[in-house]
Amino acid sequence: MRIRKTGKIADQLWRLGTEESGVYLVEGTESSAIISGGMSYILPVFLRQLQEYGISEKKISHLIILHTHFDHVGIIPFLKRSWPQLNVYASSRGWEMLSNPKAISVINEFTLKVTQRVLGNTDELSKYDWQWRDDIAGYSLAEGNTLDLGDIQIEFSETPGHSSCSISAYITKLKAIFPSDAVAIPFKDEFIIAANSNLTKYQQSLEKLGNFEIEFLCADHYGYIIDEEARSYINESKIALTNMKNMLRQALQKEGSIDRAAETLVDKHFQLRPDYFIAPEILLNTYGQMLKHVAEQGSG
């Protein structure tokens with residue numbers, strides 16, 4: 001079952017933000033952690049939710065970046081500047097990306113594009129110091145690392161494929177997994193594959209994630225998943241990946257070039273899903289990367 005609403009998921013676990021851009025709060029006896037960073041425009045909603053749900057910001061000591069795409073790091077600059085005591089974590093590759101001026105420029109540019117698409121304007125952002133600059137630093141996470149919140153430990157796995165810097169989090173006590181976009185995106189009743197970086201590594205990451213016992217699958221976009229669908233979601237993502245590969249190959253064969261195939265697939269995507277939050281020109285790059293990988297596999 002897919003649940004789109006925000007609020008309390010289970011004891012010690014909350015979903016905050018909006019339907020299409022969520023973050024999670026895990027409350028331990030000693031400290032609390034925010035998992036993922038959402039879009040910048042969710043800041044007013046996020047801050048209001050903390051007050052409405054009676055969540056103390058003073059106990060929030062950790063913020064975990066699961067990967068560094070613009071739509072997953074949005075609230076971090078403002079929170080880190082507002083709460084200097086906040087410890088920020090990412091993979092070592094993630095910190096490489098966030099120290100790259102070109103990557104930072106893309107994050108800020110794409111944030112404005114999608115905010116305009118979703119809200120119709122960017123006025124809300126002007127109230128906050130949201131932009132990424134070179135003043136955010138933190139700690140690196142790698143395969144097998146854990147973060148202790150007291151009575152809850154968060155375990156980390158490297159799960160590249162969607163991006164080269166992707167990591168996933170897992171809480172054994174809650175049987176909750178936080179894969180970010182290393183699994184299919186649960187848009188409506190679909191399984192949307194976005195293997196931007198590497199289709200082969202994406203497949204390998206799905207195999208790794210399939211080893212966890214899952215009762216809550218906490219997606220960054222479009223809510224979280226519980227019950228039998230949570231338990232079967234990784235396998236369904238594998239099927240969706242196979243279907244995506246077939247669609248990419250067929251588009252390449254029909255259109256004859258990566259650029260034309262990408263344009264055709266993006267047009268089809270938005271014909272079927274006009275309310276999908278990502279701007280078409282951004283999704284064009286996603287399809288282009290996947291098509292390039294399929295073409296290279298075919299030529300190899």
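**Strand pairing and aromatic contacts**

Strand β9 (residues 146-148) and strand β10 (residues 153-158) run antiparallel and are joined by 3 bridges. This is a predicted model, where local features need pLDDT of at least 70, side-chain atom pairs count only at pLDDT 80 or more, and totals for chains, interfaces and linings use all residues. Residues are numbered from 1 along each chain as its sequence is written, and side-chain values use heavy atoms, with hydrogens and water left out.

**Strands**
- Strands (E, at least two residues) and helices (H or I, at least four) are DSSP runs, numbered from the N terminus.
- Two strands pair if DSSP finds at least two bridges between them.
- T146 stands opposite E155 in β10.
- The hairpin of β9 and β10 has 4 residues between the strands, and G150 takes a positive phi near 115° there.
- β10 also pairs with strand β11 (residues 167-171), antiparallel, over 4 bridges.
- F156 stands opposite A169 in β11.

**Aromatic pairs**
- The structure holds 12 aromatic pairs (Phe, Tyr or six-membered Trp rings with centres within 6.5 Å; planes under 30 degrees apart are stacked, over 60 edge-to-face, the rest tilted).
- F191 and Y233 form a tilted pair, because their ring centres are 5.0 Å apart and their planes at 40°.
- F191 lies in the loop between β12 (176-178) and α5 (199-209) and Y233 in helix α6 (residues 227-255), so the pair ties together parts 42 residues apart in sequence.
- Y233, at 0% relative accessibility, counts as buried (under 20% relative accessible area; exposed is over 50%, partly exposed in between; 1.4 Å probe, protein chains only).
- F191, at 23%, counts as partly exposed.
- Ring pairs link F187, Y222, Y276 and F277 into a cluster.
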